[in-house]
Amino acid sequence: MTIEIVPFVDSDAERWDAFCKLSINGTLLHTRRFLSYHGERFKDLSLILLDGGKPVGVFPAAQSPAHADQVVSHPGITYGGIVHEGRLGGTKMLDAMGAVAEHYRCAGYHSLLYKAIPHIYARAPAQDDLYALFRLHAQRTRCDLSCAMDLSARLQRSTRRKRSFKRAMTAAVLSDDPGLLGPLWDVLNGNLQRKHDARPVHGLDELLLLRERFPEQIRSLCALVDGRVEAGVVFFNGVAVWHAQYIAASERAYELGALDLVFESAIDTASREGARYFDFGTSNEEAGTVLNDGLYRFKSEFGAAGVAHEFYELPLKA
């Protein structure tokens, strides 16, 4: 196989997204409809991989905002990686990864930060890229820990989560009305400010734009107490995985166990709609070197367990 590398241009967007839809490991994060919400925030370096003139892979990437000599796949999303339809396996992936590396080396870049797609997001085994990175002498530089549930083999829910859910059933009501995103965002901002002196990655305007672009995949579920939003989750969903992108709860919500009501309802819906995994998201700080154990235990008590998000740095200098 001889891989031809073609830089992405805007006119490729429709073909790119059609390829992602048919791929075995692409998610909404890899689509141009999602990536384009960043506007001109990043210098795009995305690639299309061709074999015999036909696409066999796409690679979302951009120049690192912190290091002008580094390519990141991708700085604006949680994970990047080579998206493919199942034809890039074994030595074919070695060829593809080598061609990507050579393209960026010739363009003057010194390293590639590769944010691998966690295995649960693939609809079939697709970790040939990790082997290719090993063969090319890439080094794992970071590892975050997510907590996810196999919906067909849910682990035992803790007694604490059962008690909290029972308490919430009499105290809160649920709503999936997208019109509640504003009040939910107020709760989220207050939550992050109170606990971490931080703000959400997305602004409300950005989230509303993404929600408009992906109405079936970006959803929210809120818990209301006395008519007021006190807790909720924003989900970025795919075919195989429901992912809790943002989790918010007020002090009152924690007292009443409102998040338990939200999560149990969402888990039930995800299962009924045919998802395989339910991902509560990562619980790390300081570039993966610190685990927020309290947050991780809260998530795991629903019957979930660890999934690694791996980052590799591939040197490109000759």
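How many residues lie between β10 and β11 in the hairpin that they form? In this predicted model, the hairpin has two residues between its strands, and aspartate 226, which sits in the turn, has a positive phi of about 55 degrees. The two strands run antiparallel and are joined by eight bridges, with β10 covering residues 218-225, and valine 225 has arginine 228 of β11 as its bridge partner.

From β11 the chain passes through a second hairpin, of four residues, into β12. Here the pairing, with β12 spanning residues 241-249, is again antiparallel and extends over five bridges, and within it glycine 232 stands opposite alanine 248 of β12. Of the nine residues of β11 (residues 228-236), eight are buried, so this strand is largely enclosed by the rest of the structure.

Another glycine, glycine 57, belongs to strand β3, which runs over residues 54-59. Glycine 57 is buried, because its relative accessible area is 0%, where buried stands for under 20%. Leaving aside residues up to four places away in sequence, glycine 57 touches Phe19, Ile48, Leu49, Val83, His84 and Leu88. Glutamate 85, although 28 residues from glycine 57 in sequence, has its C-alpha 7.2 Å from that of the glycine.

Helix α9, made up of the 15 residues 258-272, reaches 22 Å from its first C-alpha to its last, close to the 21 Å expected. Eleven of those 15 residues are buried, so α9 is largely enclosed by the rest of the structure; among them are Leu259, Val262, Phe263 and Ile267, together with Asp260 and Glu264. After the helix comes glycine 274, with a positive phi near 95 degrees.

Technical notes: Residues are numbered from 1 along each chain as its sequence is written. This is a predicted model: local features need pLDDT of at least 70, side-chain atom pairs count only at pLDDT 80 or more; totals for chains, interfaces and linings use all residues. Side-chain values use heavy atoms; hydrogens and water are left out. The expected span of a helix is 1.5 Å times one less than its number of residues. Buried means under 20% relative accessible area, exposed over 50%, partly exposed in between (1.4 Å probe, protein chains only). Contact means heavy atoms within 4.5 Å. Two strands pair if DSSP finds at least two bridges between them.
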